[in-house]
Amino acid sequence: MDVTSAPAAAPTLGEASAPGRLAGPDEGIGAAELALAARNHGLPLEALRYDTTPPGLHYVLVHYDIPVVPAADAGEWRLGLGGLVRRPLRLGLAELRARPAVTHRVTLECAGNGRARLSPRPVSQPWLVEAVGTADWTGVPLAALLAEAGPADGAVEAVFTGADHGVERGTEQDYRRSLPLGHAADPARGVLVAYAMNGAPLPPQHGYPLRLVVPGWYGMASVKWLRDITVTGTPFTGFQQAVAYRYRQAPGEPGDPVDVIAPRALMVPPGFPDFMSRVRVVRPGPVPLTGRAWSGHGPVVRVRVSADGERTWRDAEVTADPGHPWAWSAWGASWTAAPGRHLLTVRATDATGRTQPLTAPWNRGGFGNNLVQRVEVLCVP
Ligand SMILES: Nc1nc2c(c(=O)[nH]1)N[C@H]1C(S)=C(S)[C@@H](COP(=O)(O)O)O[C@H]1N2
Ligand SMILES: [Mo]
């Protein structure tokens with residue numbers, strides 16, 4: 001008798017896979033969320049000082065495992081571009097590098113940024129506000145590759161497949177997302193097939209050896225470890241497009257797609273922190289307030305700061321760099337601290353008039369929560 005034979009009911013992937021859920025009223029961050037938070041790190045807010053984020057300080061979000069691609073094997077990597085095209089392509093890194101290269105400075109932000117502050121809290125990667133970073137991404141314009149391949153009649157989307165594989169809410173999958181062809185093939189949208197970050201090969205966690213970078217859209221669109229682009233005649237309905245990354249109030253709704261980044265300003269926390277509470281300590285007198293602000297809808301035209309719990313506001317100076325339309329802008333304001341407890345708030349408004357809300361916008365996935373940032377400061381003589 002074979003004692004190792006399977007029991008009557010074979011296990012299903014669903015058993016390995018946690019359903020999407022909301023935390024209970026008093027439920028703190030649990031071990032599963034901690035496990036995600038320990039893998040996927042944010043930008044330490046003091047690193048907002050850098051125009052471009054050093055790679056180790058840029059936020060990281062990975063749904064499954066980081067594929068291990070030794071540099072010695074990267075020469076074997078092939079990017080396929082097929083489907084509804086007249087001339088399918090299969091390109092190695094050397095062939096991509098031989099094409100005209102462009103560099104775009106792009107601010108990436110995770111759509112789940114702000115999720116951990118929601119109530120009830122969607123149980124997932126528990127970002128506070130730090131899921132952001134800005135880098136100089138170098139590669140080949142996606143529009144140029146698509147023009148080379150020549151989309152055939154009836155082509156509507158380009159679907160991007162990463163080399164990472166996992167299971168999510170019971171669905172086994174390669175990480176995959178799409179863009180409308182009109183977006184993907186438009187050189188003005190700046191979508192890149194990137195092989196370098198800040199002038200060096202992509203680090204493993206950011207997609208080595210190849211990734212997509214979609215300026216102005218939340219990070220989920222920028223598929224890492226890119227191995228395949230398929231042009232299709234129907235809109236993509238895969239998990240990361242039609243199930244995840246939708247703005248929904250209730251589970252059954254189709255929801256609206258999560259796409260363009262909503263405006264947000266963040267400040268470099270002033271003074272110095274308490275180790276555990278992270279409360280900021282400053283001395284009485286002038287305290288410079290600085291930070292960054294961005295929006296995928298257009299340039300940030302106004303940043304306002306309040307130092308009195310949002311009773312009064314004043315304008316910060318915003319310095320946009322017209323040479324980098326997809327990167328965050330710097331802002332600065334001065335504040336004179338007096339002994340006592342203070343609440344600092346910062347709020348961005350973009351050229352379309354979109355502004356950050358004073359109460360958190362809630363949805364089931366915890367996406368796009370661009371609530372104003374509030375920083376508690378203790379001023380001690
Ligand atoms: N292949 C693949 N691409 C991916 C992901 C992933 O899990 N697998 N995560 C996406 C998400 S949700 C975000 S926010 C960004 C994060 O990019 P970064 O880690 O380089 O900051 O990558 C996106 N691209
Ligand atoms: Mo994300």
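These legends go with a set of close-up views of a predicted model.

**View 1. A six-stranded open sheet with mixed pairing.**
Reading across the sheet, the strands come in the order β14-β15-β22-β21-β17-β18. The edges belong to β14 (272-273) and β18 (314-315); each has a single partner strand, so one side of each is left without a neighbour in the sheet. At the β14 end, the pairing with β15 (residues 280-282) is antiparallel and runs over two bridges. Look for F272, which sits opposite V281 of β15.

**View 2. The salt bridge between R99 and E148.**
The count of salt bridges in this model comes to eleven, and here is one of them: the side chains of R99 and E148 meet at 2.5 Å, N to O. The two residues come from distant parts of the chain, 49 residues apart. R99 is in the loop between α3 (93-97) and β3 (102-109), while E148 belongs to helix α4 (residues 142-149). How accessible is R99, buried or partly exposed? R99 counts as partly exposed, because its relative accessibility is 21% and the buried class stops under 20%. E148 is partly exposed too, at 30%.

**View 3. D174 and R227, a strand-to-strand salt bridge.**
The closest N and O atoms of this pair are 2.8 Å apart. D174 lies in strand β6 (residues 171-180) and R227 in strand β10 (residues 226-232), so the contact ties together parts of the chain that are 53 residues apart in sequence. D174 has a relative accessible area of 19%; that makes it buried, because the class covers values under 20%. R227, on the other hand, is partly exposed at 32%. Keep R176 in the picture as well: salt bridges with shared partners join D174, R176 and R227 into one network.

**View 4. R302 meets D315 at the β18 end of the sheet.**
R302 lies in strand β17 (residues 300-306) and D315 in strand β18, so the pair ties together parts 13 residues apart in sequence. Both residues are partly exposed, R302 with a relative accessible area of 36% and D315 at 47%.

**View 5. Two cysteines in a model with zero disulfides.**
A search of the whole structure turns up zero disulfides. Among the cysteines, C110 is buried, at 9% relative accessibility, and C379 is buried as well, at 3%.

P120 is found in the loop between β3 and β4 (132-141). P209 sits in the loop between β8 (200-201) and β9 (211-213).

**View 6. Positive phi at W225 and Y245.**
Neither residue is a glycine, yet phi is near 50° for W225 and near 55° for Y245.

Conventions
Residues numbered from 1 in each chain as written. Chains lettered and ligands numbered in written order. Predicted model: local features only at pLDDT ≥ 70, side-chain atom pairs only at ≥ 80, totals over all residues. Heavy atoms only, no water. Pairing = 2+ DSSP bridges. Helix = DSSP H or I, 4+ residues; strand = E, 2+ residues; numbered from the N terminus. Salt bridge = Lys/Arg side-chain N within 4 Å of Asp/Glu carboxyl O. Buried < 20%, exposed > 50% of the residue type's maximum accessible area, 1.4 Å probe, protein only. Disulfide = S-S within 2.5 Å.
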